[in-house]
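Please open the structure in your viewer and keep the selection tool at hand. The tour below goes from stop to stop, saying at each one what to select and what is there.

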Amino acid sequence: MPPMKRIKTQPGGLWRGVRLRRLSAAADPDSAPRYVSLPAAWEDSAAEALAALAQGHGPASLESAADAWIGPIALRARLAGWGGGDLAHDLHELLLTRRATAAAPLWQGDAANPAIVLNLAAFHLPGEGVDLDALDAALRTAAAALHFAAPSAPALRVGVADLAGLLAALGLDYGSQAGRDRAVAILARLRAATADLPGQVHLIAAAPGPAEALLGVETGGIAPAFGPLTERGTLTRATQAWLAARGLTAEAALAATLAGRSQFPHANAAAHAAMHDALAPVLHALPARPRVAAPAAEAKPAAPRRRDLPARHAGSTQKASVGGHRVFLRTSEYEDGGLGEIAITLPKETAAFRGLMEAFAQSVSLGLQHGVKLEEFVDAFTHTRFGPAGVVEGDPSVTRATSVLDYVFRTLAVQYLGRADLPGPEVEEESETESGPPLLPLDLPRGDAQARRRGLRVVK
């Protein structure tokens, strides 16, 4: 196959008038940063994705980086006399609307095994539902682009992503039968459409990667959203769409949740496995089926086995303050999004207190890696009482805490269990009394300190 010639396309003025911002971004913490330009409304994670996708190591703009792979494809389509419209315009438009783009290999000049990703959530029209005609058109454009990118490829792969976001926008619970039925209907329609396209078009569940991040995808392939919050503690786009579909404001949802009636759907591994089973006959390729733990009554006793975290893993860092004392909570996750490790740092506390908290976090991490459920830690350590305590700042998911541990397991419950229904501490529980603020660990009780010390005796 001859090399793909680099040309500059003119996508009908699509980029004219698009407000851009320029920032320094790196593909990962180990990569050197580079300046990238992309639409001003796109999030920082999209800039990091563009830094990973754009060829070379210097400054890059979204338009020019996209044209590096779109231009040669459009040229081949014109030379072949393709009559399906302006392919370059259509591919640029799909990218600008964040509905579809090429997977990483095409961006980086490798057309040996090309793929294009469809962001299903971007095909939802508020108040109208799924734009099925636009979805069909995007599939045809993707298939044509892949054909001209690699005419001799045995299979042309079109990936689907953020199914959970689409179902949320439709107001459908991912774990419900109605949600599965709608997913099957939409993807079965796409599967049927592939039969009328040239070449072998395979519909697959896309694995998370930089192309998905560039499109703003929140969940990879057909996976569920395991929590309503982003790493920054804000509501995800899927959660906002879910509330809008239900006619709820964020304030109303919060009020109902605080009253013990959570308004957020909670997907788990069983729901993921059920969706996998429902879509297995529809998609050409799927990742491995999620493993679901057997019911306790059927489980056979076995020695605990440690599940080590992968060498490269995702996670987050949450900075907050509890009663005016700074707290840093870092998490590490398994490939399936499950929590596997925590670290708690209290930079302003005494060395003894910091050491105790670090040892405690290591113990919890070992428990998680040996199969102790996060729910058990949440039940055990929320409502623990010791200083510092009081108002929580910097983390919108928790407003007050009776201790650092109370705060830590409240925010973990929200982030990893979708539990925003834990009863909040009463104000008087962590308020200062006449005897002063809550005790820190290793503090002596208040009162007549000298008298209490005189009451101590050394035991040999």
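Begin by colouring by pLDDT, which is the predictor's confidence in each residue, from 0 to 100. This is a predicted model, in which local features need pLDDT of at least 70 and side-chain atom pairs count only at pLDDT 80 or more, while totals for chains, interfaces and linings use all residues. Residues are numbered from 1 along each chain as its sequence is written, and side-chain values use heavy atoms, with hydrogens and water left out.

The mean pLDDT of the protein is 84, and 87% of its residues reach 70 or more. Select residues 442-460, where pLDDT stays under 50 and the model has 13 contacts (heavy atoms within 4.5 Å) beyond four places in sequence. Then select residues 1-7, where pLDDT also stays under 50, with 21 such contacts in the model.

Two strands pair if DSSP finds at least two bridges between them, and here 3 strands form an open sheet of mixed pairing in the order 1-2-3. Strand 1 (20-25) and strand 3 (60-61) are the edge strands, each pairing on one side only. Strand 1 runs antiparallel to strand 2 (residues 34-39), joined by 6 bridges, and leucine 23 has valine 36 in strand 2 as its bridge partner.

Now show the side chains of Leu50, Leu62, Trp69, Ile73, Leu95, Trp107 and Leu214, the residues with the most contacts inside the largest nonpolar core, which has 85 residues. A nonpolar core is a set of buried Ala, Val, Leu, Ile, Met, Phe, Trp, Tyr and Cys residues joined through side-chain atoms within 4.5 Å, where buried means under 20% relative accessible area (1.4 Å probe, protein chains only). Helix 5 (residues 132-149) gives the most to this core, with 11 residues. Apart from this core lies another, of 31 residues, among them Val364, Phe386, Val392 and Ala401.

Finally, select strand 13 (residues 390-393), which runs antiparallel to strand 10 (residues 315-322) and is joined to that strand by 2 bridges. Which residue of strand 13 is the bridge partner of serine 321? The partner is glutamate 393. Strand 13 also pairs in the antiparallel sense with strand 14 (residues 400-401), and in their hairpin, which has 6 residues between the strands, glycine 394 takes a positive phi near 95 degrees.

How values were computed:
Helix = DSSP H or I, 4+ residues; strand = E, 2+ residues; numbered from the N terminus. Buried < 20%, exposed > 50% of the residue type's maximum accessible area, 1.4 Å probe, protein only.
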